[in-house]
Amino acid sequence: MAANTATTETTETRAATGAGGPAESAARPTLVLVGHGMVGQRFLEALAERGLTARHRVVVLCEEPRPAYDRVRLTSYFSGRSPEELSLTEAGFMARHGIELHLGDPAESVDREARTVTARSGLRLSYDTLVLATGSYPFVPPVPGRDAEGCFVYRTIEDLLAIEEYAGRHATTGAVVGGGLLGLEAAGALKGLGLTSHIVEFAPRLMPVQVDEGGGAALLRTVEGMGLAVHTGVGTQEVLTGEDGRVRGMKLSDGGELAADLVVFSAGVRPRDQLARDCGLPVGERGGIAVDESCRTEDPHVYAIGECALASDGRVYGLVAPGYEMAETVASALAAEEAPLAFTGADTSTKLKLLGVDVASFGDAHGAAGDCLDVVYANSRTGVYKKLVVSADGTLLGGVLVGDAEAYGTLRPLTGSVPPVDPEQLVLPAGAGDAAPLGPGALPDSAVICSCHNVSKGSIREAVTAHSCTTVPEVKKCTKAGTGCGSCVKALGQLVTAELEAGGVEVDKGLCRCFDRTRQELYEIVLALGVTSYRELLDGHGREEARRGEGCEVCKPVVASLIASLAPAVGASGYVLDGEQAALQDTNDHFLANLQKNGSYSVVPRIPGGEITPEKLIVIGEIARDFGLYTKITGGQRIDMFGARVEQLPVIWSRLVDAGFESGHAYGKSLRTVKSCVGSTWCRYGVQDSVRMAIDLELRYRGLRSPHKLKSAVSGCARECAEAQSKDFGVIATSSGWNLYVGGNGGATPRHADLLAKDLSDAELVRLIDRFLMFYIRTAEPLERTASWLERIDGGLAHVQDVVVHDSLGICGQLESLMAAHIAHYRDEWAETLDDPERLARFVSFVNAPDTPDPTVRFVPERDQIKPELPLLSIGGRRPEASLEGSARV
Amino acid sequence: MSTVTEAPAATAQVQLRPGDGEDGPADWVTVCTLDGLLPGRGVAVLLPDGTQAALFLDHEGRVHAIGNRDPFTGAAVLSRGLTGSAGGRPYVCSPLLKQRFDLADGRCLDDESVRVPVYAVRTV
């Protein structure tokens, strides 16, 4: 529940108060903002943009123990995002603008006569302007047992943490009351926690507010297909508890009972207007602080914005975009702008991804206007449902999209106008009939592309033509478009490219300053012409001005990787340090180890599938002890040894190779590890031998050079202990074979992998992975992981499926033979290096003193191991913006 | 390396002058032979006073030397960076945080306020 009593943290900004403001601060009027949610933060930004933070003393009272975060993406916490990553408050924002933020200290009362607010801590603030952005609270239906231990609501990070904690100790089954938007989010969260999950919805379908019956049916099939049990058309009568007072189930209105150890109420929200009620401000019959078009309450000193406000059109908006508009409206009024904004109501169109299903609704989705016509496309096989509502004269009034909401970006802005093509063509899938994909190019300039920030197509075009933006990030910065929910980013990209091309600007898609070709084009050149050297490629195919130059740090490793990937096919040496190739490699590849911050290297031998004998463990332990290395277990189920100097690498590796280890390629853009659980061999739940499969795959693809690192995992059953769905290619055992997932990622932008194919035999699985990896290597951009590649390439997952499963391009034979050649030519780079005195000669700290270790590489003790002793005199540095290099994690 | 065989200069001595004084012909330090360098790649040199230089051979056969210490991190690693050229001037890109340094004058191309030492080099 929102009412937490977390510690009153001293604010990060109190000390910095006044930093943004000049000396006249005493004379500045005070603005108190109650509530620091998404809308509150947006309001602060709107103030800052208008220079109002310098003219006011701004104080924020926030009930939650943390600053504003992205509540819309709350569920992504379960896919690995930390609370910090959900934060919406840019570091230093408060200090920079001199804003005082009081966390964990909610406002408790307002005295409008005296114009003061009192917070829970006793802090009393005088205000000249008060802005209420208190949001809403979850509605819990008055059923018996609703306060039992094990009942939760789903609104804040604290709620989420409480659910997670309770589920871990007491629950295997959970029920969500409410099948609306938030209910589905909550059910997804419970599923993410590994609970068997039920959804109980009183209405006859899921998401009754947004979708119609047909859309609800498509959604139901997809949601049930994910293993969630859905009960529609029934109410919750009572929460049942056991003798220990904890939840044990629910009694339903149809007389049935449902066993559940945990209940989440997600049956809608209500405006939090108590503070306003208590100080006598008018509120609506069904709640909400009544405001006028400038979001001002009856009291001229008090405003209300976001979900707590009852707008002048008599509605309470529970979406973030209208809340943002209200925030801008108040800021505009406070700035006394000549033409202040007015909030008269908002578009409640939404597009979201719930449980991985795209759902969108816009305009008059239910055909409430009367006298309107429906155009419907429904495909129960694929779970796609699309409905457009049009008027008799062909004007698009609204629509519902379930399962495929790709067209949302185009359709929503067209609402209210007659589309340039027949509505049938707008709902048919691409490729069916005469369906013409209608891009954002067809939209009028007035069409709103980004509804979160209300940015029109005209403004985006202007950013390119008048403000000289040439890339999507620049346009985002200039217009704010695409920085809210992100659903318009694709349309944004298309518009920017179209506008640049229309303006005669050639969009440079080249790899770097040396090549005007993309990586994929270079791949095709290397393969077709059998190019085996960088010099040949640069002088023959580089930009005119770069030919016969030194090249650059961007294209050198890319070309080295291409030649290495294609070495067997073009007749190049597969050894990455031969001849000219040696000069192209990043230092990690050059020394076959990972450079660390003090100039020392780390060493990672391959441990296929994470399986290792005690003898080999002892060898690693002995080596680490003898060379004084810092050891750490990696996330990929192997062991990293840190702190080796260049000249120690060959000695360390000769001992490792003697003990049967080989290079783990932790230094390369290549296969890292194939992680596994113990599988059917030991685990009582396992259905396949995941360890054997992981070892087979790791040995098959070891040493494969690719556009970026590749990670994989194999899980022996659907419990997914190996976390295969967060990998570039992940395999999960089924009772009849293997499911193959692709395009997963952890790291900064986690992505769940997509299912590429189901119930594969061993041979089918391996063949598909061969094709998938080679297709990725062929078509990806440098340092583009499979996750972003899959998001970027035209047609996305469906296209990749067509190519690698159905061989739609007729290239599978070639992809397989390229992989076969790689496997046949694989040799351990470290064993090869040790066999060659000339190659070994470069492993010295100094060319003129080969026996002298680098004296600047020094260590100090920490927790019984070593850590780098860092030089005192570095100036510290930020990476230049142009840098492409990825991280060097194992 | 065995690949550079055509020019008699391959076995020529590469010398470096550690001090930045105007003269001092006696101060040249012999560090390696020319064929010990790989075009596009650097090596580290330990100087008599304990400081380090990074020595590079570009693909036209010119030798350059700058300080080996990366001023942004304090680590002695510039010799291990990738080289390139911008506007016809060769540079090295630090392998740690990727700042680029002009091989002829030591200027950092990504931060005007930073410069690394440059050493005179010659082959004899």
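Guide: Strands here are DSSP runs of at least two residues in state E, numbered from the N terminus. The model is a predicted one, and in it Ser600(A) sits in the loop that leads from strand S28 (594–595) to strand S29 (601–603) of chain A. Since residues with under 20% relative accessible area are called buried, Ser600(A), at 2%, is a buried residue. Its side chain is in polar contact with that of Asn598(A), at 2.7 Å. Beyond the neighbours within four places in sequence, Ser600(A) touches Asn594(A) and Leu595(A), Gly643(A) and Ala644(A), and also Val857(A) and Phe859(A).

Of the contacts in chain A between residues at least 6 apart in sequence, 62% connect residues at least 24 apart.

Burial can also be followed along a whole strand. In strand S24 (residues 384–391) of chain A, eight of the eight residues are buried, so the strand is largely enclosed by the rest of the structure. Val384(A), Lys386(A), Leu388(A) and Val390(A) point one way from S24(A), while Tyr385(A), Lys387(A), Val389(A) and Ser391(A) point the other way, and all are buried. Strand S23 (residues 372–379) of chain A runs antiparallel to S24(A) and is joined to it by eight bridges, one of which pairs Cys372(A) with Ser391(A). The two strands make a hairpin with four residues between them, and in its turn Gly383(A) has a positive phi of about 70 degrees. S24(A) also pairs in the antiparallel sense with strand S25 (residues 396–402) of chain A, over six bridges, and here Val389(A) has Gly398(A) as its bridge partner. This hairpin, too, has four residues between its strands, with Gly394(A) at a positive phi near 95 degrees.

Arg461(A) and Asp445(A) meet in a salt bridge, 2.9 Å from N to O. Arg461(A) belongs to helix H11 (residues 457–465) of chain A, whereas Asp445(A) is in the loop between helix H10 (423–427) and strand S26 (448–450), 16 residues apart from its partner. Arg461(A) also forms a salt bridge with Glu499(A), at 3.0 Å from N to O. Glu499(A) lies in helix H13 (residues 489–502) of chain A, so this pair ties H11 to a part of the chain 38 residues apart in sequence. Glu499(A) counts as buried, at 13% relative accessibility, whereas Arg461(A) is partly exposed at 30% and Asp445(A) is partly exposed at 38%.

Finally, there is the contact between the chains, to which chain A gives 48 residues and chain B gives 40. Together the two chains bury about 3,500 Å², with 55% of that area on carbon and sulfur atoms. Zero salt bridges are counted between chain B and chain A, but 16 residue pairs are in polar contact there, both residues having pLDDT 80 or more. On the side of chain B that touches chain A, the elements giving two or more residues are strands S2 (29–33), S3 (42–46), S6 (82–86) and S7 (89–93) of chain B.

Conventions:
Residues numbered from 1 in each chain as written. Chains lettered and ligands numbered in written order. Heavy atoms only, no water. Contact = heavy atoms within 4.5 Å. Buried < 20%, exposed > 50% of the residue type's maximum accessible area, 1.4 Å probe, protein only. Polar contact = N/O pair within 3.5 Å; in protein donor to acceptor, adjacent residues only side chain to side chain. Pairing = 2+ DSSP bridges. Buried area = accessible area lost by both parts, 1.4 Å probe. Salt bridge = Lys/Arg side-chain N within 4 Å of Asp/Glu carboxyl O.
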